[in-house]
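Q: Before we turn to individual features, could we look at the model together and talk through how to read it?

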Amino acid sequence: MPLDFSPSREPMTTFSLAGMTDVVLLLLIFFLLTSSFIPQMGIQVNLPQVDSASPVSEQSITVSLTKDGNYYVAGSPVPQARLVSELRARRTGQQFLIMRADQEARIGQFATVASAAQALNMRVLVATERAGQSR
């Protein structure tokens, strides 16, 4: 049976994009899933560096302290006078309060957050970075 190589057949003028859309969709899903594993904090603080660190497995409330003297509870700015009431409002059974303090923050800010946590019977954990790690 001889093969027909005659130019009488029309060349294919359409290109199917189904395969390419599948690949793009899979890449989109991959990047969306992996980007959720990168912790991103909205408040920029320079955490102190230590030799070891331990992750927190339970749910917690995060309080950020900036070198300018500002307080942030879960990313929202809070005046010092309303710190306890804001923590009480946001607490839904959490036992831990993670303090993300800039290394240039004042000790008075630490004391304010610690007393607010003590008033709510919460444990205070100080967030640090492992020594030698860069952002």
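The dialogue below goes from the fold to the salt bridges and then to the aromatic rings.

Q: What is the order of the elements of the chain from the N terminus on?
A: Bear in mind that this is a predicted model. The chain has three helices and seven strands, and from the N terminus on these run α-β-β-β-β-α-β-α-β-β. Among contacts with a separation of 6 or more, 77% join residues 24 or more positions apart, and 25% of the 135 residues count as buried.

Q: How many salt bridges does the structure hold, and which residues are linked in a network?
A: Side chains of opposite charge can pair when their charged atoms come close. Here there are two salt bridges, and they link Arg 82, Glu 86 and Arg 90 in a network. The closest N and O atoms are 3.4 Å apart for Glu 86 with Arg 82, and 2.8 Å apart for Arg 90 with Glu 86. Arg 90 and Glu 86 both belong to helix α2 (residues 83-90), where they sit four residues apart, about one turn of the helix.

Q: Is Glu 86 buried or exposed?
A: Glu 86 has a relative accessibility of 14%, so it counts as buried, whereas Arg 82 at 45% is partly exposed and Arg 90 at 32% is also partly exposed.

Q: Why is the pair of Phe 30 and Phe 31 classed as edge-to-face?
A: Planes over 60 degrees apart count as edge-to-face. The structure holds one aromatic pair; the ring planes of Phe 30 and Phe 31 stand at 65°, with centres 5.3 Å apart, so the pair is edge-to-face. Phe 30 is partly exposed at 47% relative accessibility, while Phe 31, with a relative accessible area of 52%, is exposed.

How values were computed. Residues numbered from 1 in each chain as written. Predicted model: local features only at pLDDT ≥ 70, side-chain atom pairs only at ≥ 80, totals over all residues. Heavy atoms only, no water. Phe/Tyr/Trp six-rings, centres within 6.5 Å; stacked < 30°, edge-to-face > 60°. Buried < 20%, exposed > 50% of the residue type's maximum accessible area, 1.4 Å probe, protein only. Helix = DSSP H or I, 4+ residues; strand = E, 2+ residues; numbered from the N terminus. Contact = heavy atoms within 4.5 Å. Salt bridge = Lys/Arg side-chain N within 4 Å of Asp/Glu carboxyl O.
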